[in-house]
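Here's a quick tour of a protein model with a ligand in it.

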Amino acid sequence: MVVCLKVKKQDGEAAKNFLREKGWLDTERVLGKTELRYLILPITGTFDKHILLKKFPGSKFEEKNLPLVPVHSGDLKHLLKNILTEEQINELVRSYDVVGDIAILDIPPKLNKLAVSIAWAFKRSMQYINVVARKIGKVGSADDKYRLRNYEILTGEKRMETMHKEAGITMHVDLEKAYFSPRSSHERERVANLVKNGEQVLVMFAGIGPYALTIAQKKPQTQITAIEINPDAVRFMEENVRTNRLGFAINPILGDVIEILPKLNKKFDRIIMPFPEKNWNFLDLAIKNANKNCTVHFYAFVHEDKLKEAEEKIKKAAQKEGRKAEVLRVLKAGSYAPRTWRYVFDIKIK
Ligand SMILES: C[S@@+](CC[C@H](N)C(=O)[O-])C[C@H]1O[C@@H](n2cnc3c(N)ncnc32)[C@H](O)[C@@H]1O
């Protein structure tokens with residue numbers, strides 16, 4: 001039995017829209033009607049009885065046995081059709097992420113009123129999802145140094161902590177405490193496939209360890225140094241290294257690359273720099289720690305008209321250190337802004 005608003009048919013559309021905007025319409029149940037005069041609208045959440053009675057005079061609250069809307073997983077677009085236009089649905093479906101059992105939506109402010117209803121549609125159509133949250137602000141808006149943003153949990157359990165599986169590894173993360181993006185999974189696999197067994201690898205901004213873990217899993221005979229400044233991220237990385245039994249290959253280090261690398265006094269065959277916002281500030285440091293013929297995977301947000309300039313900047317940085325850089329390839333590794341992409345420059349340092 002669910003609580004329903006029994007509303008006069010002529011008020012039906014307005015009441016449905018009002019409940020939807022407030023996040024009070026239970027979109028998991030089919031709507032009912034009486035033979036003559038009333039629509040039966042299932043309601044949920046912390047709805048306000050007085051507001052509803054005032055707004056829709058003559059309506060009543062009754063408990064009814066309304067069946068669940070039949071849903072098959074993958075029926076997301078079908079569920080969202082009740083709430084959004086086709087264009088809005090496509091935008092939303094293109095931009096959401098799944099980390100473990102958390103769906104993370106990018107809901108534009110103009111859809112604020114519908115956010116909870118949208119979240120229900122996601123949760124209902126994805127049986128393995130237990131939390132639906134939305135992004136608040138850009139990456140770095142909650143903590144610039146650790147690259148954190150805030151989230152608003154729209155429905156489900158009140159947590160941003162989860163276990164995420166990717167390419168045969170399992171990672172524990174709390175997205176409010178440490179950066180992680182599932183979007184780079186293909187790029188991580190690409191880089192791991194390039195690694196040759198026996199290489200000394202450096203991951204400069206290692207986060208909870210996704211690059212280091214993917215490489216160690218695929219190429220177990222490598223030695224990987226993974227440096228990260230956020231203590232929470234390092235705690236997760238250490239746990240992830242243990243649970244995936246990759247401790248023989250990965251050495252997680254807590255600290256600032258600027259302080260740690262000179263102390264390590266070690267050169268590497270491959271250096272990964274997954275920090276596109278600030279990588280330019282660290283390129284000289286990477287080159288200083290590069291063995292002869294080291295490959296650097298350098299990520300940066302660059303406008304597509306400025307690629308040649310970026311390549312020149314890389315070559316000049318190498319010259320300044322008395323080295324030579326050859327740009328082996330430049331690939332798009334994610335979108336950022338109109339005509340500006342997250343590019344990866346694979347560079348050979350001679
Ligand atoms: C964009 S995130 C990438 C994290 C991880 N590599 C991944 O792909 O999920 C950048 C990371 O660099 C870390 N960071 C920022 N400045 C740093 C520094 N000077 N030394 C070491 N780590 C740093 C941040 O805490 C953050 O976790």
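## Ground rules

Helices (H or I, at least four residues) and strands (E, at least two) are DSSP runs here, numbered from the N terminus. With that scheme, F275 sits in the loop between strand 14 (268-273) and helix 10 (283-288); we'll come back to F275 below.

Residue numbers start from 1 along each chain, following the sequence as written. Keep in mind that this is a predicted model: local features need pLDDT of at least 70, side-chain atom pairs count only at pLDDT 80 or more, and totals for chains, interfaces and linings use all residues.

## Overall layout

The protein has 11 helices and 17 strands, and its C-alpha trace spans about 85 × 45 × 30 Å along the principal axes. An automatic or database domain assignment sets the domain bounds, giving domain 1 (2-64), domain 2 (76-159) and domain 3 (179-349). Between the C-alpha centres of domain 1 and domain 3 there's a gap of 55 Å.

Two residues are in contact if their C-beta atoms, placed from the backbone, lie within 7 Å. Among contacts between residues at least 6 apart in sequence, 63% join residues at least 24 apart.

## Around the ligand

The ligand is surrounded by 22 residues, with F205, G207, I229, N230 and P274 the closest; to be near it, a residue needs its C-beta atom, placed from the backbone, within 6 Å. Helix 7 (210-218), strand 12 (223-228) and helix 9 (257-264) each give two or more residues to this shell. Domain 2 (76-159) and domain 3 (179-349) each supply at least three.

By type, the shell splits into 14 nonpolar, 4 polar and 4 charged residues. Nonpolar covers Ala, Val, Leu, Ile, Met, Phe, Trp, Tyr, Cys and Pro; charged covers Asp, Glu, Lys and Arg; the others, Gly among them, are polar.

Helix 7 is largely enclosed by the rest of the structure, because 7 of its 9 residues are buried. Those buried residues are P210, Y211, A212, L213, T214, I215 and A216.

Why does F275 count as partly exposed? Because F275 has 19 C-beta neighbours inside 10 Å. Leaving aside neighbours within four places in sequence, F275 is in contact with F205 and Y299. F275 and G207 are 68 residues apart in sequence, yet 10.0 Å apart in space, C-alpha to C-alpha.

Methods. Buried ≥ 20, exposed ≤ 12 C-beta atoms within 10 Å, placed from the backbone.
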